[in-house]
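Thanks for coming. I will take a few minutes to walk through one protein, starting from a single detail and then widening out.

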Amino acid sequence: MVHSPKIDQLLDFISHSPTPLHATRQLIALLQKNGFSQLRIEDDWTTPGPGNYYVVGNHSALAAFTISGTPLAVSGLRLAGAHTDSPCLKLKPNPTRQKNNILQLVVEVYGGALLSTWFDRDLSLAGRLSWLDEKGELHSGLINFQRPIAIIPSLAIHLDREANSKKTINKQTDLVPLLAASEDECDFTDILRQQITQEHPKAGVKEIVGHDLFFYDTQQPAQIGLHGDFFTGARMDNLLSCFTLIDALIHAPESLDSLVVLNPHEEVGSVSAVGAQGPFLSILLKRLQPDSVKRQQMLARSLLISVDNAHGAHPNFMEKYDQEHLPLLNKGPVIKWNANQRYATDTVTGGFFRALCRRAGTDAQDFVMRNDMACGSTIGPLTAAATGIKTVDVGVPSLAMHSIRETVGSKDFLYMADVMQLFFSLDPQDVLWQGQQQ
Ligand code: CO
């Protein structure tokens, strides 16, 4: 059985992070517990002194960093990035619908969800609300119903004889969760008001004026398999990487300069104020090194490891993979390659990561998409394009990506944790770090 306290910490983190907002809040608490203090973009500061810091963007993007005091133009930064969001179902602004005696909530699909997996699951709801108090002041806060409050039942096979051979899903009509059986008129904002008052007793809610609420599966993530070889759970893509990076940074030496950036909105293209195509990281890098020439020196001496789950080889669907590139579960981190820059890896950064894996006691595997299938992408190429930092795209091999319940290898998580720990500990004189600077 694969055992490690880190495994319990990861599964606990994922189960308490039903949305990117909750994940960010959890990680901030972890950073604070380990001596990281907050800097705000709205305050007047540049080049902070030696220490551990974090910056939050719109409650959903997070950058955490350790500053050693060595001039950044000389030392460069060890950077790592991941995304906090996962495909799911988001409540529409006016969500209630009454059909016969059933109260339902209408939703939009967020990102490229594997929709068939959302049927027949015990769903709960979490996210952020905005409200006005008695004085007319505007507030916002997170809520999480925690208990299962909704379900999207499948249509019985007797009413759809071709369900196993020709099933299609209409996003508008088929995916409407059932909330309650009731003939009475329902004021959904009343339900939200009760929930926010329960979780924030001093909220003083007069009127709810907006919500970003997302459904999620209440089944807890778990370590499964005869020998505990797999993790299954929601949002492994990419909360596993988010946790790995923050945990590695917390344990990184304070004598080196390291930075982790976590962006939302990757699953919807990353174009937003806090997505990887937005200015969040660039603004922070300018604050760290305001002089533009020195900043260029810093960026030229930096390297970014972009960590996002990769496609592992699924034994039931081997024809879907390039046969010379088959990432296997529990055989180590995957380097992602794409000739057309859908991944940012090149031979220098990919070679660096492979050598890093070897030194950490594992082997790196390689992934390329088949030429006759479209290749996905991630935050790596976007961050590289926005900042000019050389980048490698990597991730743990996973199965059922974008399902409501994804599967990864438990050893791969520990391998990746070791590799990232080593990355943040590389001395400036180390031959590996020196090599990537040539
Ligand atoms: Co991902």
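Which residue in β8 is the bridge partner of Ser130? It is Ser140. Before I go on, this is a predicted model, in which local features need pLDDT of at least 70 and side-chain atom pairs count only at pLDDT 80 or more, while totals for chains, interfaces and linings use all residues. Residues are numbered from 1 along each chain as its sequence is written, and side-chain values use heavy atoms, with hydrogens and water left out.

Back to the two strands. β7 covers residues 123-133 and β8 covers residues 138-144, and they pair in the antiparallel sense over 7 bridges. Two strands pair if DSSP finds at least two bridges between them. The hairpin they make has 4 residues between the strands, and in this hairpin Gly136 takes a positive phi near 85°.

Now the whole protein. There are 12 helices and 20 strands; these are DSSP runs numbered from the N terminus, helices being H or I with at least four residues and strands E with at least two. With 438 residues, a compact globule would have a radius of gyration near 22 Å, and the protein has 23 Å, which agrees. That radius is taken over C-alpha atoms, and the globule rule is 2.2 Å times the number of residues to the power 0.38. The C-alpha atoms fill a box of roughly 70 × 60 × 40 Å along the principal axes. Of the 438 residues, 53% count as buried, meaning under 20% relative accessible area, with exposed over 50% and partly exposed in between, for a 1.4 Å probe and protein chains only.

Next, the open sheet. It has 9 strands in the order β1-β2-β3-β13-β4-β14-β18-β16-β17, with mixed pairing. β1 (37-38) and β17 (365-367) stand at the edges with a single partner strand each, so one side of each has no neighbour in the sheet. Inside that order, β3 (residues 61-67) and β13 (residues 258-263) pair in the antiparallel sense over 5 bridges. Phe65 has Leu259 in β13 as its bridge partner.

Two helices to point out here. Helix α6 (residues 236-250) lies across β3, β4 (78-83), β13 and β14 (303-307), at about 150° to β4. Helix α11 (residues 410-423) packs on the sheet as well, touching β4, β14 and β18 (390-395), and its direction makes about 165° with that of β14. Contact means heavy atoms within 4.5 Å. Axes are lines fitted to C-alpha atoms, for helices over the stretch in contact, and angles run from 0 to 180 degrees between N-to-C directions.

Last, the aromatic rings. Rings of Phe, Tyr and Trp (its six-membered ring) pair if their centres lie within 6.5 Å; planes under 30 degrees apart count as stacked, over 60 as edge-to-face and the rest as tilted. The count comes to 9 aromatic pairs. In one of them, Tyr53 and Phe65 have ring centres 5.7 Å apart and planes at 35°, so the pair is tilted. Tyr53 is in β2 (residues 51-57) and Phe65 in β3, 12 residues apart, and both are buried.

Phe243 and Phe413 form another tilted pair, at 6.4 Å centre to centre and 40° between the planes. This pair links helix α6 to helix α11, across 170 residues of the chain. Both of these phenylalanines, Phe243 and Phe413, are buried. Together with Phe13 and Phe231, they form one aromatic cluster.
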